[in-house]
Amino acid sequence: MNGLGRRVFLTAAGAVGVRAVTGTAAAATRAALDAVSGAGYVDVQLLNITDLHGYLSAPPARDAVITGAGGQTYTVGGVAYMATHLRRLREGRANSFFFAPGDLFSGWEFPAFALSDEPTIEALNLMGLDFATAGNHEFDRTPGFVVQHMEQGLPYEGEGRTNTFPDSLGRRFHGADFRYYSANAVAAPGGATVLPPYHVEWVSAPGGRQLPLGFIHLTALGTERFSNSFQPGLTTLDELSAANRCAAELKARGVNAIVLSMHDGAVAGSAFDSGSDPSGPAYDLALRVSADIDAIVTGHWHCAFTMMLPDPSGRLRPFVEAGCHGQIVNEITLRLDPVTGAVVRELTTSTNHPNTRGVEPDPQMRKVVDYWKGYATRYAGATIGRQRASFRRVLSPVGESTMGNLVADWALWASRQPADSFDTSPRPEAGGADLALIALAPRTGRSLINTDLLLGSATEDPVSFERAWRAVGYGSPLVTASVTGQQLHDTLEQQWAPDGRGGLTYAPLAVSANVRYSFDASGAAGDRVAPADVLIGGSALRPDGTYRVVTSSYTLTGQDGYPALGGFRDPARHRRDTDSFVAYVAALGTLRAVSTGRVSMKGGALSAGRPGRLVPLGEPVPSVPAPVAAAEAAAGRTGGRPVC
């Protein structure tokens with residue numbers, strides 16, 4: 001159509017933003033803000049949230065207040081309030097789609113995290129989510145978990161105890177009423193995508209016509225190497241190439257309106273309802289990706305912005321991110337030509353609406369949230385085992401602790417357990433591990449050991465689900481991999497490092513009960529542990545031998561100061577630490593005292609060597625998973641953004 005309300009559009013330099021009811025509307029031109037200009041076109045509303053992470057009740061305190069233009073602040077969060085805002089935003093809109101660019105589940109709020117993220121799925125179903133992009137945290141278990149359990153609702157081992165819980169209406173968990181997508185997550189290099197790469201929604205137009213609207217989906221590059229989503233059987237392909245390929249395929253199918261939903265992000269100023277000075281991988285992609293894409297919706301960085309960016313041909317399109325943890329609902333309005341179905345870019349707007357708590361919460365959603373809080377409280381208090389000894393994190397002069405030894409023994413046990421039925425990752429023939437290594441006080445990040453497990457007044461104290469769940473883990477898998485004896489030796493040597501002041505720091509590793517070794521801290525760097533003094537199953541370490549070692553994915557990938565493990569081979573992923581340690585306690589039935597003396601100092605006296613200053617333990621029970629907390633602290637010091 002011509003004329004567009006008989007208005008003359010501004011050029012790219014004339015893009016504007018004005019104050020809306022609860023946010024700022026970024027607009028391609030001033031005409032986009034005038035309802036008359038949109039007359040005769042097909043109105044499409046795109047609503048999106050991102051990185052909910054299972055925070056159904058409210059976000060953590062640090063994310064509960066957001067700042068908009070002019071310094072105005074808003075208290076935000078909670079899906080009961082979001083449901084009310086969504087209902088109001090949808091009123092009178094014939095073509096409305098609600099979606100998310102990833103990290104909806106694998107949440108860090110206890111009910112969602114502990115109950116297989118099924119509370120999150122019920123909430124999203126109730127809000128009417130239409131579809132979602134797979135973020136890195138959707139792969140925190142395996143691609144099979146996303147499809148078989150979260151989408152299809154199929155139960156797995158432990159049905160009724162670890163999964164497939166009754167929902168707020170007493171119904172058996174049936175999975176999501178929406179589908180997940182990813183164009184660049186493939187089963188192996190050169191393999192097929194593990195989820196559909198894109199899909200088409202249909203828009204109602206005058207005269208009963210249906211216009212296609214395509215959505216392309218991208219998962220964060222490197223997802224398979226992140227600690228929580230470490231996936232040996234997954235590969236993420238180049239985002240730009242994948243998006244361009246899908247855009248060309250959609251155009252070839254006659255789809256003239258295309259949206260990119262990507263789980264990778266950017267930062268663009270501090271006000272949630274505008275955008276300035278953008279940077280980051282999503283921004284770099286937005287400037288280069290196919291001009292056939294009409295809007296770019298991002299996530300992953302837990303940032304908030306809304307702005308217009310030029311495509312490679314100079315035409316403006318929305319570039320947005322809606323914060324995290326239920327802070328914001330982004331709304332993009334597209335106007336389609338009723339004949340061609342193409343987006344009239346000059347009439348596009350985007351607004352970030354704060355999910356304020358000053359509205360009446362949706363009563364049905366509030367019941368859902370309250371139900372799962374109550375269920376989680378009862379679940380947390382259930383007894384899963386007993387203990388007859390205390391296990392403490394405090395380190396001896398040689399860097400040993402009873403809690404560390406317990407956790408190392410658990411890791412070795414976990415390496416020998418069968419995989420979950422939904423686990424589609426590769427299983428090397430080598431089988432279980434020969435030994436376990438657990439970082440007790442790493443120089444970077446934090447140990448996966450969060451608290452002590454102390455014996456109470458009873459002879460056999462009960463261990464509740466929550467005590468075990470909070471004691472160990474942050475939602476990352478244990479991984480068994482093949483390394484050489486030399487790599488193991490070098491890893492033990494990397495427990496010591498100069499502190500920059502002429503001294504040494506000592507970041508000890510716990511070892512499983514089948515390992516004994518001694519060290520001489522007075523030795524030269526690289527010569528503090530003799531291979532002959534390392535016994536695995538009673539046999540001396542052979543530098544030219546091959547061993548299967550189990551440890552946290554965080555440690556295996558060199559993220560906490562032991563890079564010698566980095567050349568590992570044939571990795572086998574096991575269950576998430578939080579799930580697996582609980583299963584270990586339940587399988588043992590009773591926790592008894594663990595062996596000590598696994599590590600010793602040569603000469604038998606502390607004065608015989610220089611053990612170095614022990615790296616201090618972190619505070620117990622971090623409010624978010626330990627590596628996430630450390631990454632966020634580091635980001636705050638450097639101005640960077642952590643992997644979320």
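**Ground rules.** I number residues from 1 along each chain as its sequence is written, and side-chain values use heavy atoms, with hydrogens and water left out. As the model is predicted, local features need pLDDT of at least 70 and side-chain atom pairs count only at pLDDT 80 or more, while totals for chains, interfaces and linings use all residues.

**Domains.** I looked up the domain assignment of the protein chain, which gives domain 1 (45-372) and domain 2 (384-633); such bounds come from an automatic or database domain assignment. The C-alpha centres of domain 1 and domain 2 lie 37 Å apart. Their contact (heavy atoms within 4.5 Å) takes 25 residues from domain 1 and 29 residues from domain 2.

**Largest pocket.** I took a pocket to be, on a 1 Å grid over the protein atoms alone, an open set of points with protein on both sides within 12 Å along at least five of seven lines; a cavity is a set where a 1.4 Å probe fits but cannot get out, and lining residues have an atom within 4 Å of a point. Grid points are joined across faces, edges and corners, and a volume is the space filled by probe spheres set on the points.

The largest pocket has a volume of about 750 Å³. I find 33 residues in its lining, with Glu157, Thr162, Arg575, Asp579 and Ala583 nearest its centre. Elements giving two or more residues to this lining are α8, α9 (465-471), β30 (569-576) and α12. Helices (H or I, at least four residues) and strands (E, at least two) are DSSP runs, numbered from the N terminus. The most comes from α12, with five residues. Domain 1 and domain 2 both give residues to the lining, so the largest pocket lies between them.

By class, the lining has 15 nonpolar, seven polar and eleven charged residues. Here Ala, Val, Leu, Ile, Met, Phe, Trp, Tyr, Cys and Pro count as nonpolar, Asp, Glu, Lys and Arg as charged, and the others, Gly among them, as polar.

**α8 and α12.** I then checked how these two helices pack. Axes are lines fitted to C-alpha atoms, for helices over the stretch in contact, and angles run from 0 to 180 degrees between N-to-C directions. Helix α8 (residues 402-415) and helix α12 (residues 577-588) pack at about 95°, with axes 10 Å apart. That makes α8 roughly perpendicular to α12; angles under 35 degrees count as roughly parallel, over 145 as roughly antiparallel, 65 to 115 as roughly perpendicular and the rest as oblique. From α8, Leu406, Asp409, Trp410, Trp413 and Ala414 meet Asp577, Ser580, Phe581, Ala583, Tyr584 and Ala587 of α12. This contact has eight nonpolar, one polar and two charged residues.

**α3 and α7.** Helix α3 (residues 118-127) packs on helix α7 (residues 363-381) at an angle of about 175°, the axes being 10 Å apart. The two are therefore roughly antiparallel to each other. Among the residues in contact are Pro119 and Leu126 in α3 and Val368 and Trp372 in α7.

**Cavities.** I count three cavities of 30 Å³ or more. The largest cavity has a volume of about 60 Å³, and its lining divides into ten nonpolar, no polar and no charged residues. The second largest cavity has a volume of about 50 Å³. Five nonpolar, four polar and two charged residues line the second largest cavity, including Arg446 and Asp560.
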